[in-house]
Amino acid sequence: MTLDRLTDLSPDPGDVETAELVVTDDVLVKTFALGPGAELSPHEHDDSTNVFHVLQGTVTVIQDEEEEEIEAPGVVLHERGVVHGARNDTDEVVVFTASLCPLPS
């Protein structure tokens, strides 16, 4: 059994790289790596709660009309139906996971 499923991602400036870490009947966990200047566009999940776990760097989290810088280690809750996204305003790569439960349809 492998407990550590985190993969090495190294996006170029402006790029976003992702990898699925866990996919089951009721949960999805993905890792996101944002290069400097990259953005995960604001979006919403009507039927899923989404939790960001910031693992590396400082990410600007967008939630509805608000933005806040979250440093690693950090956790951000996005309730169902809340518009959310992320942006890297730094010169370093930012890494976070996003956990969705239940699995979006």
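Predicted model: local features only at pLDDT ≥ 70, side-chain atom pairs only at ≥ 80, totals over all residues.
Local features need pLDDT of at least 70, side-chain atom pairs count only at pLDDT 80 or more, and totals for chains, interfaces and linings use all residues. Residues are numbered from 1 along each chain as its sequence is written, and side-chain values use heavy atoms, with hydrogens and water left out.

**Annotated span**
- UniProt, in an unreviewed entry, places the feature "domain: Cupin type-2" at residues 32-97. UniProt positions follow the numbering used here, feature names are shortened, and annotations may be inferred rather than shown by experiment.
- Residues 32-97 are 0% helix and 62% strand. Helices (H or I, at least four residues) and strands (E, at least two) are DSSP runs, numbered from the N terminus.
- The end C-alpha atoms of this span lie 6 Å apart.

**Five-stranded sheet**
- Five strands form an open sheet in the order E1-E2-E9-E4-E7, with antiparallel pairing. Two strands pair if DSSP finds at least two bridges between them.
- Strand E1 (16-23) and strand E7 (74-78) are the edge strands, and each pairs on one side only.
- From one strand to the next, the twist averages 20°. Axes are lines fitted to C-alpha atoms, and angles run from 0 to 180 degrees between N-to-C directions.
- Strand E4 (residues 49-56) pairs with E7 over five bridges, in the antiparallel sense. Histidine 53 stands opposite valine 75 in E7.

**Strand E8 and its partners**
- Strand E3 (residues 39-43) and E8 run antiparallel and are joined by three bridges. Glutamate 39 has arginine 87 in E8 as its bridge partner.
- E5 and E8 also run antiparallel, joined by four bridges. Here glutamine 63 has histidine 84 in E8 as its bridge partner.
- In a regular strand the side chains alternate between the two faces of the sheet.
- His84 and Ala86 point one way from E8, Gly85 and Arg87 point the other way, and all are buried. Buried means under 20% relative accessible area, exposed over 50%, and partly exposed in between (1.4 Å probe, protein chains only).

**Salt bridges**
- The whole structure has two salt bridges. A salt bridge is a side-chain nitrogen of Lys or Arg within 4 Å of a carboxyl oxygen of Asp or Glu.
- Arginine 87 bridges to glutamate 67, with the closest N and O atoms 2.7 Å apart. Arginine 87 lies in strand E8 (residues 84-87) and glutamate 67 in strand E6, so the pair ties together parts that are 20 residues apart in sequence.
- Arginine 87 also bridges to aspartate 89, with the closest N and O atoms 2.9 Å apart. Shared partners join Glu67, Arg87 and Asp89 into one network.
- Arginine 87 is buried at 19% relative accessible area. Glutamate 67 is partly exposed at 49%, and aspartate 89 is partly exposed at 46%.

**Backbone exceptions**
- Most residues other than glycine have a negative phi, and most peptide bonds are trans.
- The bond from alanine 72 to proline 73 is cis, with omega near -5°. Proline 73 sits in the loop between strand E6 (66-71) and E7.
- The bond from cysteine 101 to proline 102 is cis, with omega near -5°. Proline 102 lies in the segment after strand E9 (94-101).
- Aspartate 64, a residue other than glycine, has a positive phi near 55°. Aspartate 64 lies in the loop between strand E5 (58-63) and E6. Aspartate 64 is partly exposed, at 46% relative accessibility.
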